[in-house]
Each structure stands twice: as C-alpha cells, then as structure tokens.
Amino acid sequence: RHIESRGVSDATSAALGLGYAPTGRDSLKSALLQQGFSQAALLRAGLIVQREDGTIVDRFRNRLIIPICRDTGSVIGFGGRAVDTDQQPKYLNSPETPIYSKGRTLYGLNLSKGAIRKVGFVVLVEGYFDFAQVFKSEAAPVVASCGTALTTQQAQLLRRFTTKIVL
C-alpha cells in the first residue's frame, strides 16, 4: 500500500526490485540459513543484527525493501522504508560493509547509466522515491544520492558518465 500511495506503478516497482520484509523477527535469517548461508556472513552483510542481550534478529522487519545496486547491477545493500505511520526509524538502511558504502554509491545508476550517456546529463535527487518518480516519467536520466550529502566519490562516479549534473 505504501508503494501505491507514492504513485509507483507495478512496472516501476518491478524495475526497481521493490519488495517487503515481513514482521517476523527471524524470517529472513531462517530462510537464508536453510539455503546454506552462514550466520557470520549474514551479520557481516548487515541483514541480521545481534542485540545487546545476544539475540540475533532480522535487521529489516515490516518494511518496504529497496535494493541498492552498484552501477553494474549487483545488489550491495538495502533501504527499508517503514510501512506503519508510527514505525521508527522511517528509513533503515544497510550498514556500511566491505561492499557497500553510501558515500561511494548512487542509487539507480545501474538503471540510468545508458540514458545518461545518451543525453549527456543527469538529474540528481535525494531519495529513493524521488528517483522512482523521475525514473517512471522518463523525463530525464536520474540518480539519487545514498545519504543527504553528495560526496566527492559520488561526483567522481558520475563523471564517468557525464559532466552535466542537474540538482
């Protein structure tokens, strides 16, 4: 229902790979352990967390899940948007890991890089849903910063595709 309230179509949702993390405390952990992943790998990836009392639970519960990809398309992290109005924090993101650093990542670059090269510029927006709105409109190639600030590394990454950036 959160996707619909943002005006994100099924086609855009599918292109972005949007999903849902159920409310269970260990739904993802259980499923991935059954598939052969180690608990240590899941902790390192930030998919599960160890609480102060020692219990290990899924990081993302009852959230809209937004895969974050590198420019090649491989998933390196996730954003989790609260579904319930009183749920905090509103956004919960993957932690910094060996493969994911928000300061080195531009959300949606994997989907927009061809169009950026074709038209010679990119529109830079702040968040996932800002990206989704511009992306679905096809008005211009778009990327979003992962975080509230544009970093030098993100600017250098964009420079591989264009020198014209519209904020």
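Where is Leu150 placed? In this predicted model, Leu150 sits in the loop that runs between strand E9 (142-145) and helix H7 (152-159). Its relative accessible area is 42%, so Leu150 counts as partly exposed. Leu150 also belongs to a nonpolar surface patch, together with Ile165 and Leu167. That patch covers about 310 Å².

**Overall fold**

The protein chain has seven helices and 10 strands. Its C-alpha trace spans about 50 × 35 × 30 Å along the principal axes. The radius of gyration is 17 Å; a compact globule of 167 residues would have one near 15 Å, and the two agree. Of the 167 residues, 41% count as buried. Take the contacts between residues at least 6 apart in sequence: 57% of them join residues at least 24 apart. The chain exposes about 9200 Å². Carbon and sulfur atoms supply 51% of that area.

**Cysteines**

How many disulfides does the structure hold? It holds zero. The sulfur of Cys69 has its closest cysteine sulfur in Cys146, 10 Å away, and that is too far for a bond. A disulfide would need the two sulfur atoms within 2.5 Å. Cys146 is likewise in no disulfide. Cys69 is buried, and Cys146 is buried too.

The table lists relative accessible areas for the residues discussed here.

| Residue | Relative accessible area | Class |
|---|---|---|
| Cys69 | 12% | buried |
| Cys146 | 6% | buried |
| Leu150 | 42% | partly exposed |

Technical notes
Residues numbered from 1 in each chain as written. Predicted model: local features only at pLDDT ≥ 70, side-chain atom pairs only at ≥ 80, totals over all residues. Heavy atoms only, no water. Buried < 20%, exposed > 50% of the residue type's maximum accessible area, 1.4 Å probe, protein only. Patch = residues over 30% accessible without salt bridge, like charges linked within 9 Å, V, L, I, M, F, W, Y side chains within 5 Å. Areas by Shrake-Rupley, 256 points an atom, 1.4 Å probe, with all protein chains shown as cover. Salt bridge = Lys/Arg side-chain N within 4 Å of Asp/Glu carboxyl O. Helix = DSSP H or I, 4+ residues; strand = E, 2+ residues; numbered from the N terminus. Rg over C-alpha atoms; globule rule 2.2 N^0.38 Å. Contact = heavy atoms within 4.5 Å.
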